[in-house]
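This report describes the pockets of one protein model and a pair of its packed helices. Please consult the sequence and structure shown here while reading.

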Amino acid sequence: MSARPTLTGRTMLAGVIGWPVAHSRSPLLHNFWLARHGIDGAYVPLPVRPGLFETAVRGLQAAGFRGANVTIPHKEAAFAIADTLHRSAQRSGSVNTLVFAADGRIEAHSTDGDGFVANLEAHGVDVTRGPVLLLGAGGAARAIAASLLDRGVPVAVTNRTRGRAEALAGMLDGITIVDWARWEDSLPDYAALVNTTSLGMHGGPDDLFAPSLARAPDGMAVCDIVYVPRMTPLLRAARDCGLPTVDGLGMLLHQARLGFREWFGVDPVVDAELQALLDADLAG
């Protein structure tokens, strides 16, 4: 990897907007790519309080930023401010990437769903092999469900509050609903299981989540979008059953590629060196 170039008056700028935002690993991975490709650019954390999102975005745009990633709690505000909603954002109902176009428009994308699929494919998982069951019905579930449905993959959703699952099914045609109380018994019907919730996240209220995968069919891929810890309770249960697993770190890395490409003009790769960098940071 080449040394980071000195910043100049032509430095291209992007960042991640959130509140809080200090926990984000996006600056680490984007600045790694900038250094690797010798690009005169910088990617910075942008802590923006609720209620100040539009003011901040207009200011960044006026200051010459190329765009920004958007995280909690601003994704709905990002959806509302966009001049152009790309199909990914329309289908997912959320925005995580803003591009400030040369003509002044704000273009909005959602890269979570395609980043999830790219991560599965990088792990050798054929997402078209059969139906997928999603745990959870929030924004991440909608983005992932939309990407799977667009590839012709049947999708089922289960959520502790059934009404949220029904709401998601009402937004995207083709989703079926499984009662939360029986999702473990329904596993034989699926080729993949995906946790899109915070269940099992380190330090979370449900970090003792202990699912049973006793009824999972041989070869069922078990995936988790949580990446702290890398080995979640769900993935541990899958490993104990001899099932293939995919953790959430790769989704974080793959979803970042579109924004980097749009802002800095290079399509970066997700490789072992980048994953090792993030692994070391998460372990620190």
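## The second largest pocket

In this predicted model, the second largest pocket holds about 190 Å³ of space. Its lining consists of 13 residues, and those nearest the centre are Thr111, Asp114, His254, Leu258 and Arg261. Helix 5 (112-122), helix 9 and helix 10 (257-264) each give two or more residues to this lining.

Sorted by class, the lining of the second largest pocket comprises two nonpolar, seven polar and four charged residues.

## The largest pocket

The volume of the largest pocket is about 1,600 Å³. It is lined by 45 residues, of which Thr71, Ile72, Lys75, Ala140 and Ile225 are the closest to its centre.

At least two lining residues come from each of strand 3 (67-70), helix 3 (75-81), helix 6 (139-150), helix 7 (162-171) and helix 9 (249-255). Helix 7 provides the largest share, with four residues. The lining of the largest pocket divides by class into 18 nonpolar, 20 polar and seven charged residues.

## The packing of helix 1 and helix 11

Two packed helices are described by the angle between their axes and the distance between the axes. For helix 1 (residues 26-36) and helix 11 (residues 272-283), the axes come within 11 Å and cross at roughly 145°. The crossing of helix 1 with helix 11 is right-handed.

On the side of helix 1, the residues in contact are Leu28, Leu29, Phe32, Trp33 and Arg36; they meet Glu273, Leu274, Leu277, Leu278 and Asp281 of helix 11. By class, this contact has seven nonpolar and three charged residues, with no polar ones.

Methods:
Residues are numbered from 1 along each chain as its sequence is written. This is a predicted model: local features need pLDDT of at least 70, side-chain atom pairs count only at pLDDT 80 or more; totals for chains, interfaces and linings use all residues. Side-chain values use heavy atoms; hydrogens and water are left out. Axes are lines fitted to C-alpha atoms, for helices over the stretch in contact, and angles run from 0 to 180 degrees between N-to-C directions. A crossing is left-handed if the near helix is turned anticlockwise from the far one by less than a right angle, and right-handed if clockwise. Contact means heavy atoms within 4.5 Å. Ala, Val, Leu, Ile, Met, Phe, Trp, Tyr, Cys and Pro count as nonpolar, Asp, Glu, Lys and Arg as charged, and the others, Gly among them, as polar. On a 1 Å grid over the protein atoms alone, a cavity is a set of points where a 1.4 Å probe fits but cannot get out, and a pocket is an open set with protein on both sides within 12 Å along at least five of seven lines; lining residues have an atom within 4 Å of a point. Grid points are joined across faces, edges and corners, and a volume is the space filled by probe spheres set on the points.
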